[in-house]
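I opened this model to look up its sheets first, then the confidence scores. My entries follow in the order I made them.

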Amino acid sequence: GGFGGMGGMGGFGGMGGGVNLEELLNALNQGMRGQRTPQVLQVQVTLEELYTGAEKRLVLAYGGGQRREVTLSIVPGLPAGVVFRVEGGVHLRVKEKPHPTFERSGDHLHTRLSLSLYEALTGFRRQIKLLDGQAIWLGAEPNSAVTTPGMLRRLRGFGMPRFQAAGKGDLFVRFSVRFPEKPISGESAKLLKQVLRGSAGTASPSTREGERVFRLHVVEEQGASNDEREV
C-alpha cells in the first residue's frame, strides 16, 4: 500500500545507524523520573535587613539525619521573592515580613502620618525613625499647601536602596487629619469663621420655615484604621 515504505515503523533507518523509538522513549522517561522537583523553602527577612543588608545563617535538615549550615547574603535593596539555590535540590525564596510602619513598593517606601487639625492648617514638624535607625524630621511650613486628609507628600531619596544600582527610591507619606471630637459653637464658632477665609470659612445656608433637616448619623466602620501605618 501507500505506506509500505515505513516498514511498519521498523526503526527510522534514514536517521543514520537507526534509532529504536521504544528505547528512546524509555530513556527520556527514566531521565524525567531522575529529575527531582526542587524543594522550595521560605526565608523570612525583615524590611530592615532588606534595607541595610544582612547575613542570614540557616541550618537545613536533609534525609538520613544530615544537617548543613547555609549562609545567605542579603544585599541592600534585594527584591522580595528572589530565590537562592543551594545543594541538595533546595531553593530558598526570600519572603519579606510585614512592617508596622513602612510598606515597600519596589524602590519606594510608604508610611502614614496623623496630624491634628491645627498642624494641618498651620504646618507641622514630625520626627520619624528610618529603617537603619536614623531619626529625621519631616515637615511642612505654614506658607506651603494646607495638608488635607488623604494628601500624599514625597521625600526624594529616602526610600529603599536601589538593587545593584546607586541611590535610593523615595519616601511617600499619606496623611490623616484629626478633627475635634465635639462641634465648635458660640463665640468660638464666630472666631473660627473670622479666621478661616474664603471657602473654608463659608457657613451652611439657612433653611426656610417649615423645612426639615434630616440628621446624619456617624457610621463606625470596623477595621477602617487597621490598614493605616501611622508614626
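Predicted model: local features only at pLDDT ≥ 70, side-chain atom pairs only at ≥ 80, totals over all residues.

**Entry: S1 against S5.** Which way do S1 and S5 run? They run parallel, and seven bridges join S1 to strand S5, residues 90-96. I picked out two of the partners. Gln39 has Val90 in S5 as its bridge partner. Val43 has Val94 in S5.

**Entry: S4 against S5.** Here I found the antiparallel sense, over four bridges. Val86 is bridged to Val90 in S5. Val90 had already come up as the partner of Gln39. I then checked the hairpin of S4 and S5. Three residues lie between the strands. Gly88 takes a positive phi there, near 85 degrees.

A reminder to myself: strands of a sheet pair through backbone hydrogen bonds, either parallel or antiparallel.

**Entry: the four-stranded sheet.** I moved on to another open sheet, in the order S6-S7-S11-S10. Four strands form it, and its pairing is mixed. Where are the edges? They are strand S6 (103-105) and S10. Each of these has a single partner strand, which means that one side of each lacks a neighbour in the sheet. The twist averages 35 degrees from one strand to the next.

**Entry: strand S11.** I asked whether S11, residues 171-178, is mostly covered or open. The strand is mostly covered, with six of its eight residues buried. I followed its pairings in turn. Strand S7 (residues 108-116) is joined to S11 by eight bridges, and the two run parallel. In that pairing I noted Ser116, which stands opposite Arg178 in S11. Strand S10 (residues 152-155) is joined to S11 by four bridges, and these two run antiparallel. I noted two positions there. Arg153 stands opposite Val173 in S11. Leu155 stands opposite Leu171 in S11.

**Entry: Arg153 and the rings.** I stayed with Arg153 and looked at its side chain. What does its charged end sit over? It sits over the ring of Phe175, 6.0 Å from the ring's centre.

**Entry: confidence.** I left the scores for last. The chain averages a pLDDT of 79. Of the residues, 74% score at least 70. Where is confidence lowest, and where highest? The lowest is helix H1 (residues 21-34), with a mean of 50. The highest is helix H2 (residues 47-52), at 97. I then marked two stretches to treat with care. Over residues 1-21 the pLDDT is below 50, and this stretch has seven contacts in the model beyond near neighbours in sequence. Over residues 224-231 the pLDDT is also below 50. That stretch has 20 contacts beyond near neighbours in sequence.

Notes
Residues numbered from 1 in each chain as written. Heavy atoms only, no water. pLDDT = per-residue confidence, 0-100. Contact = heavy atoms within 4.5 Å. Lys NZ or Arg CZ within 6 Å of the ring centre and 35° of its normal. Pairing = 2+ DSSP bridges. Buried < 20%, exposed > 50% of the residue type's maximum accessible area, 1.4 Å probe, protein only. Axes fitted to C-alpha atoms, helices over the stretch in contact; angles between N-to-C directions.
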